[in-house]
Structures are given as structure tokens and as C-alpha cells.
Amino acid sequence: MDVKLDPSRDDLPLMANTSHMLVKHFVLDLDVDFGRQVFEGTIVLFLEHGSTFKKRTGSTEEARRPEAHEACHVPETNARTFSSETGSRDFAICGEGEKDTSDKDGNHDNQAQASGISSSEYHRDAGSHGREDFVLVLDCCDLSVLKVEEVDVAAVPGTENLTRSPKLPAVSEELRNEMVRELVALPADRWREQFHYYALCSQAPGCGELFFDTDAWSLQIRKTGAQTVTDFPHAIRIWYKTKPEGRSVTWTSDQSGRPCVYTMGSPINNRALFPCQEPPVAMSTWQATVRAAASFVVLMSGENSAEPTQLQKGCASWRYHVTMPMPASTFTIAVGCWAEVKLETRPSGDLPTGRPSPPSEDGCRYAAVCGHVEYPCRFQDACAATQEVIPHRVFAPGCLKDACQETLLPLVPPCLSAAHSVLGTHPFSRLDILIVPANFPSLGMASPHIIFLSQSTLTGTGRRCGTHLCHEIAHAWFGLAIGARDWTEEWLSEGFATHLEDVFWAAAQQLDPREAREQQELRACLRWRRLQDELRNSPEEMQVLRPSKEKTGHASDSGASVVKHGLNPEKTFMQVHYLKGYFLLRFLARRLGDETYFPFLRRFVHMFHGQLILSQDFLQMLLESAPEEKRLGLSVENIFQDWLESPGIPEPLRSEPGAGAECGLARQVSAELAQWIRADRAPRKRRRAEDRPAFAELLPDQLVLLLERLLELKTLDPRTLQSLQRTYHLHRQDAEVRHRWCELVVKHKYTRAYRHVERFLLEDQAMGVYLYGELMVGEDARQQQLARRCFELAREQMDRPTAEVVAEMLF
């Protein structure tokens, strides 16, 4: 390594030497053991050295001109020919019983001592005459690596057709590497053949163990005598198992009390699920086979809607694959006794299920060829371009099936259709949505082909569920199809999703422009208040959206780098990259006008899908596309300075105090607030019913704003709190409203509603951390007892970082 990284700091190390060698495809073959709480099996990595990758993608034109390859026949080989001794490795692209949507949518510690190496002799071998062997470095944490071996891809019948160098020795490292190079370079229209060979090669016998070593953050692999990247094996198999305490995986129980496991998108991403290359630049395709007891459902990032293949002894096998290269951090898996939710009756809610009309394409002329590396791209498929609603499934624990059927399932088609009307072609061919266990540490998470939603989104009227669903759907474009080249630029994902959730949700409801503007302004008002609160209560260095400034996107010569503040526990609970990112995009959209901004956004998506970007890629293209009179005073440099590289309130926002506060919906809240204040201060004498104030029916966002305004009052009479609760049925509202209600209860020690606080802490764990702090800070014995009792009930199910933060508050 050419950099020294200190894991004790807040910065998260990315150790993989991606500049030297890149994983282009990986094949996972895993068993799920709930008894021991481990995944166990193998990962086979197909590698390409960095110089080949840079040459192939050195320019857009080169990336668009794949080399011609001779047609090669796919041999009819039994996939079990190369079965491992540990059990059947049951690979296929479209197995029997699977529903594959690709055609229709155009888509696509272990063994270190046993190996005989030690830290002192790892990097140098006596037979190398003083020259160091090349070391492949992978990101790895909380894994037990058992064995690493080279894979003999030349033993697979048919792979001889993958080499154009017949003079190579029949059995040689050079021949095997040539085969892998040709395999990863097959053109996109031969992806089925390519994945067939990946599957067969992944089961080929080993041809020699490789030396390896592990430290806190990495797995280091070498082959004696392989002193250059070219000489290093291009296909390797790693035998490993996860650890129950691994930070990438959460073993828990679902809301029905059944065991389950899911990946949680933690700050360390997937390196505790499998050895990988974590820097975003390491974009790869993958396929996976996961075996579990037949009673479990395996959901995963995959283009195919997998169905189980029944194996012996009550075991089932699930297979998924992805043909679009993406960072390993986007891979997601969830295994549990999930029930599929199906709509049995027509929705009866007030949300329209019709499809909004796409905006005019006037002025939107897209390039005929995509700018990304070649893969089976939906943006080049005419049928995919007109598909407003992609195939989708909804899964949940059995006890939440009815709630999903009533609230979530009817929302999916209009939200998907709305997203299509704004941004065009859906980047992914299908979607699974899973209601995750109560301990999931956020309200949602998007991964390729799968969305996790918290159970907290299911309560209330369904409007909150719709906005959160729209947020996660937006990530298909911003965060997944278009990713940040540097993890510190999270605003490129979260800022866009936050801005677009309002636009999608207005389209899904088919609101007229005035209603849509009113709702969006009200949400701007709420976010403005949230941003001010966040900036008042966070360190300045954590308020910057581009903390590495001019070094953003830079890595060491090997490709290793660090994510600034990546391990800082405060960052998990901060929303500054959501909020400041949202306000930047709102500022730009208002400055340029919707008629300029949203057609540009469609062009931007078409140009950059399948690629990684930095802030300047978006800002430069936007300013170049805008009419000159609308971009006066705007430049990439001053946007960096005002919005991305400075703490506090951005300068353009300071001239707009109280964003959205003057909209009609916010004014209605102000009128309602005045009535509550008068009622609270009025003499407490018996009143006739006709003398009581007539309170309005408020939208959920209006209720949030009203409760936030009431929280600013020093005192409220218990009878006022009781009346509030009865008037708006606060205990039955969505989680955002109930959270503010619980804050009022805690602030004013309204003991009659402590049961609402207890329920919130147990059922809405993703949002409850702040409440623990509020219960403790008042130094009220009963409230502190309530906090500790709830924590003891929830502690075993909480994700570890959240539990540590809460424990620090309580003890």
C-alpha cells in the first residue's frame, strides 16, 4: 500500500487497490445458517487489470466501440460437473420455475496460519530473489476467510473458444487469464452466454491455493512468483463465512417473531458480507445462488424475479443476476419468512390510480449511443422507454400483510408511473419492496431492483408512505443508475431523491399545478425548520456537503482512499446532505424555471446513466444548458462556495428566511395555532359546546408544522394536550406526526399519553433515538424509567450503532 490509513480515526478506509486490478464480475454461492447466524460459502472474482480497464474506457468513443468477437457456441454442459465438495452449486441464468423479465424489458481466522504465512513473510518470498510479488487488496471486515485459490477456467468445456491466441501453452496462467479477459469483454448482446460461462467457471476446480492475510479492514492475496498484475490469476475463489457480529449484516426477528437477516447499508457497506472492492469506481456485475430452509424467502438485488428451486432435505435454492455494472456497495440481500402481498380488491382510497401523462419532449434530443461501458441497457430499448410501471412485488412479515395490502400496494403503480413521467425510462426492469423488521435503522433504503421500507411508513393515511416510496424510487436514477464517484458527495443521491419525492408525489396524486405548488411549499417550510435545527445542533465540519473540496474524487496511486467522516457516529443521524442538497436543487429549479430544469434533468439522466459523477458534472452541464439570462451570477465555483463547501445556511437561502412559510397551507396552520393558543390561555370555566373553537381538518404535513409550532411554547395546559389528541386523533396519525406528538408529551410531562411514547419507541425504532435523549435530559425520574424500560425491551433487536448511541444517553 502506498498510503497509511488509521482505522481509529473517524475516516473510513477504502483499502482495495482498484487502480491495479478491478473486479468485473463476482459469483456468490452461499448457505444461510440461522442457527449459527452466518452466511457460508464462496465468492469467485473475475478480475481485469487496471491498465486494460483504463484503455477500454479511456474515452467515451472507445467505450462505445466494443471489440468484435468471434461467435462461440454455448456447450450443453451439466452445470454440476464442477460441483464443490461442500454441496451442490446450482447455477443457472433462468432456472426452471423462475420468472425472468429480462427478455420482455430489454434488460437485462483462520486459514492464514494453515496457509503457512505470517505477517513478516507475507509480502516477500525467498524464491523471488528480492523482488516483491503483486498483492491484490480487497476490502474485508468481520469475515472468517478460510481459503483462497486460483480457479482453473481452462478446465471448463467450451472456454477454449474464448481465446484468440492458439499458440498459448495448453495449461498456463497466461491462457487462463486470456480466457477471463475475453469472457469479461464479451459484447452486451451475448450476456446470456457470458453469464453461462461465469457460472460454469465459478464451479471449475481449483488449480493452486494462494497466500493470503487479513487485517482489520482488508484481505491481501498473492501468488508466489506473480510479480505483476498481468501475471496474477484473473479468476480466484475465496472460501469464507461471515460473523454474527459483522457490521454489514443484521440477524434479527421480524414483526411476527420469525428469524430473518438483511444487509443494512451500514457505513462499511458490504465488506462484512463478502470480500469486495468498496470504492465506487469498482463497478461489476454479479450472480448469486443462496440456499436456505424451504420456509424462507430470499430477496436480492437481481434483474430476475427469482422463484425457489427445491433441493433435498427441506432446502431451497434462489438464484439472481445483474447485468448492469454497479458498485459492490449496492448489493442487497434479505432472507426471512416473508409473505408476498397481492392486491385482492380494487383500491378504495382517494389516490388516483391512473397514469399521469408524460411532459412534452420538445427540446429533449438524446444521444443515440449511451456513454457508459457496454451492458444490456434499457435506455436503448423502445419498449422499456414507454413502460410506465415496471413489474413489482411487495413482501412483508405475515402480521403486516393486511396493512401493506391496504396502504402500500395501491401506491406502487401511480408512484412508478409518476417517476416515469418526470425522468423517463426506468433504469431497472423490475422492483421488489420489502417491509423490514422494526429495528431497521432508517425509514427506507434503495438498492438495485429492491427497496426496503420501515413499518413506520404504513401508519396514518398513506400519504407519508407515498412520499417515502417516491423518495426510494427516485434513487433508481440518482444513487444507483447514476452514482457518486466519491462517497462524500452524498447530496448527489439524497438531495436529488428528497427534491424529486415531492415532484413524483404530486404527479402520483394528479394534483393541479396550484395544489402541487402549495404542498411543495409546505414541505419546504418543514425542511427549512429542520435544516435550521440541524445546523444549530451539529459541528460545523459535519455541515459541509463536499468536505474533501478540490480533492473530491482523488485516490492514491493504488486506488486506496478514505471516506471523510465515514465512521463518525454522529453522521448516521444527520440529514444535512438531504436538506442542503434539496435546497440547492430547489434554488436551481426556481432560478431556471421548471420548463428549463426538468427537461434538462431528463437529458442529464440519459447522458450519465450507468456512470459515476462528481458535483461539477451536474452543475457544468446544467449551466451550459440554461439560457444566458437565467444563469447570470451562477458558476460552478460560486455554487461550490455557497452551497457545498461551507457550513451553515447557504448565502442564497439567507435572503429567503422561512422558505415556504407564506404558502396558503402554512397560513392555515398559523390560524389554527392562534386558536389553540387562545384556547390554552382562556379561563378554564365550563363552556357550552357551541362556544368551542371550530378546528380545521389538516393534512399530515400541516399537523407536523402545527405541533412543531406548539413545541416552541413554554407551557401547555394538560387539558389543551388532551383536546389536541382528541381533535386530530394523533395516536393514529403517521409516524412523523406521532413523533412530534411524543415530543410534546415528553416536554410537558403529559403522563396520560406516556403509553404513546412507549409504543413509538418500540414500533418506530428508526425515528426514536431523539426521544430517548428528550426523556433523559429533563431529569424526570418517571421519564427516565420509561426510557430505560423501553430500551431494555428493544435493545436485543436494535442495530448495534443505534443501541450504542442510546446506551450512551441512558447510562
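**Exercise 1.** Is E149 buried or exposed, judged by relative accessibility?

*Solution.* The model is predicted. The relative accessibility of E149 is 8%. Buried means under 20% relative accessible area, so E149 counts as buried. The side chain of E149 meets that of K147 in a salt bridge, 3.9 Å from N to O. K147 counts as partly exposed, at 24% relative accessibility.

**Exercise 2.** Find the salt-bridge partner of D31 and classify both residues by accessibility.

*Solution.* D31 pairs with R291. Their closest N and O atoms are 2.9 Å apart, and the cut-off for a salt bridge is 4 Å. Next, take the accessible areas: D31 has a relative value of 28% and is partly exposed, whereas R291, with 5%, is buried.

**Exercise 3.** Classify R190 and E193, then place their contact among the salt bridges of the structure.

*Solution.* R190 has 13% relative accessibility and counts as buried. E193 has 10% and also counts as buried. Their side chains form a salt bridge with an N to O distance of 2.9 Å. The search of the whole structure finds 42 salt bridges.

**Exercise 4.** Which residues form a negative surface patch with E541, and where does E541 lie?

*Solution.* The patch consists of D10, E540, E541 and E570. E541 belongs to the loop between α12 (513–536) and β23 (561–563). A patch residue needs over 30% relative accessible area; E541 has 47% and is partly exposed.

Notes
Residues are numbered from 1 along each chain as its sequence is written. This is a predicted model: local features need pLDDT of at least 70, side-chain atom pairs count only at pLDDT 80 or more; totals for chains, interfaces and linings use all residues. Side-chain values use heavy atoms; hydrogens and water are left out. Patches are made of residues with over 30% relative accessible area and no salt bridge: like charges are joined within 9 Å, nonpolar side chains (Val, Leu, Ile, Met, Phe, Trp, Tyr) within 5 Å. Accessible areas come from the Shrake-Rupley method with a 1.4 Å probe; for residues, only the protein chains shown count as cover. Lys and Arg count as positive and Asp and Glu as negative; His and the chain ends are not counted. The place of a charge is taken as NZ of Lys, CZ of Arg, CG of Asp or CD of Glu. Helices (H or I, at least four residues) and strands (E, at least two) are DSSP runs, numbered from the N terminus. Buried means under 20% relative accessible area, exposed over 50%, partly exposed in between (1.4 Å probe, protein chains only).
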